[in-house]
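Q: I would like to learn how to read side-chain packing from a set of atoms. Please take one residue as the starting point.

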Amino acid sequence: HIPSHRDMYEQVPKLDSPDPPSDIEAIEEESKYLSAVIISFCDYRRHSNTILKRMRPQWNNVADHHRALIPDYSTHFDAVSKCIALNANFLEKIMAPHHATCLSQDKKYPAPTEAEMDKVRSCLRQFVRDWSVEGKNEREASYGVIIKHLNAHFPNLKVNERTEVRVLVPGAGLARLAYDVLKEGYSCQGNEFSFGMLLPADYILNRCTTTSEIYPYIHQTTNLLSRADMIRPITIPDELPSNYQTLEGQEFSMAGGDFMEIYRDDDNKGKWDVVTTCYFIDTAHNIFEYLDIIHHVLKDGGLWINYGPLLYHFTDLTNEVSAELSLEDLKNILPQYGFEIQHEELVPCTYTANTRSMLTVTYQNAFFTAVKCKSSLGWPLAPLKAATSTTLQVRPFPGTQPTSNDSTSHAHSHSHADGCTHTH
């Protein structure tokens, strides 16, 4: 399996009925989705050991005289087993408070699917990308480029003068880009739909007080330079967000829920000075609707910074809408949205790549900056497919003070508001 940013996103949970769900139905479906994520993380130990148990007989079936050529090979399985245990301890620590409050001890939950377990393994590699020294090169080639152009757009502002500039980061994942924007002095809100990202991000931002070692590459058994590379530890995080001291007036928060549903309301209209989309716009069913919301939330003269490929996450799925524009098509319609492109280039970058693998994939990422020059689109925002609403409370980053808007309840479905701690 070649890692891609498509691995990190779950599909929006669907109800069996084609009719708009009631509040109760939506909350029940949301709870089912949350439970599946928690259980998949907590099942990592059993699932991984099951796979390892199948690998040992495969080696034992090799002829004795061939196995004798590498006499220490069988000890490799013992090393992998120890790494599985350490990974599991880390993942269970992330999920511990959510497991206790969001799962019923009296209820039997279905076993995770292979696709759900693959997302857990992908999360380990995402930790490397976002929160380790080893991921620094990938961050510099993506987040670093974004921040360089963000700062260039406000050349006359010193770091302590940027707090009134509000930056929105949809598709925030494990929140490193949002955190790096914060460190530059801006006020920032990250937005993430996936519980598989939100809960680990909550751990890093709000509960992590010491480093951990994880072993994200034990599941890669092909294209290895050496067995030692497979079991090498990665230390995370490379810096503790809890040590960051916010500036006076600086705000930081994470909003859990669907980008289309949270930010379409009047409270967010013209609220944001900057929107940064990194490996995000191709997660849309309909990219036009993403553009509608980006235009909606930006102030007149606001800046949109985009970075990423056009992989289109729903392209191979049956019964799923997927509007798949080329980069040329995308750039051609931006003026009709009132966006004026200021800078554009293709930037090569890998995504959660194993630096010690014989196989990596490099995206030619579309990077552009565009300024909103037109107040009105001339057409309304698309109606929501679901008429339900739930409440999302956005909690401030430790040490910051929420504004009245930050503590506002947003009406949207699938907003992860079932009583558990999903925002941070």
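Q: Which residues is Tyr 44 in contact with, leaving aside its neighbours within four places in sequence?

A: Contact means heavy atoms within 4.5 Å. By that rule Tyr 44 touches Ile 84, Asn 87, Ala 88, Leu 91, Met 117, Val 120, Arg 121, Leu 124, Ile 218 and His 219. This is a predicted model, in which local features need pLDDT of at least 70 and side-chain atom pairs pLDDT 80 or more, while totals for chains, interfaces and linings use all residues. Numbering runs from 1 along each chain as its sequence is written, and side-chain values use heavy atoms, without hydrogens and water.

Q: Which residues have the most contacts inside the largest nonpolar core?

A: A nonpolar core is a set of buried Ala, Val, Leu, Ile, Met, Phe, Trp, Tyr and Cys residues joined through side-chain atoms within 4.5 Å; buried means under 20% relative accessible area (1.4 Å probe, protein chains only). Here the largest core has 79 residues, and Tyr 44, Phe 90 and Phe 127 have the most contacts inside it. Helix α4 (residues 73-102) gives the largest share of this core, ten residues. Helices are DSSP runs of H or I, at least four residues, and strands runs of E, at least two, numbered from the N terminus.

Q: Why is helix α7 described as largely enclosed?

A: Seven of the eight residues of α7 (residues 176-183) are buried, so the rest of the structure largely encloses this helix. Its buried residues pack against elements including α5 (114-131), β1 (166-170) and β6 (272-278). Gly 185 follows α7 and has a positive phi, near 105 degrees.

Notes. Buried means under 20% relative accessible area, exposed over 50%, partly exposed in between (1.4 Å probe, protein chains only).
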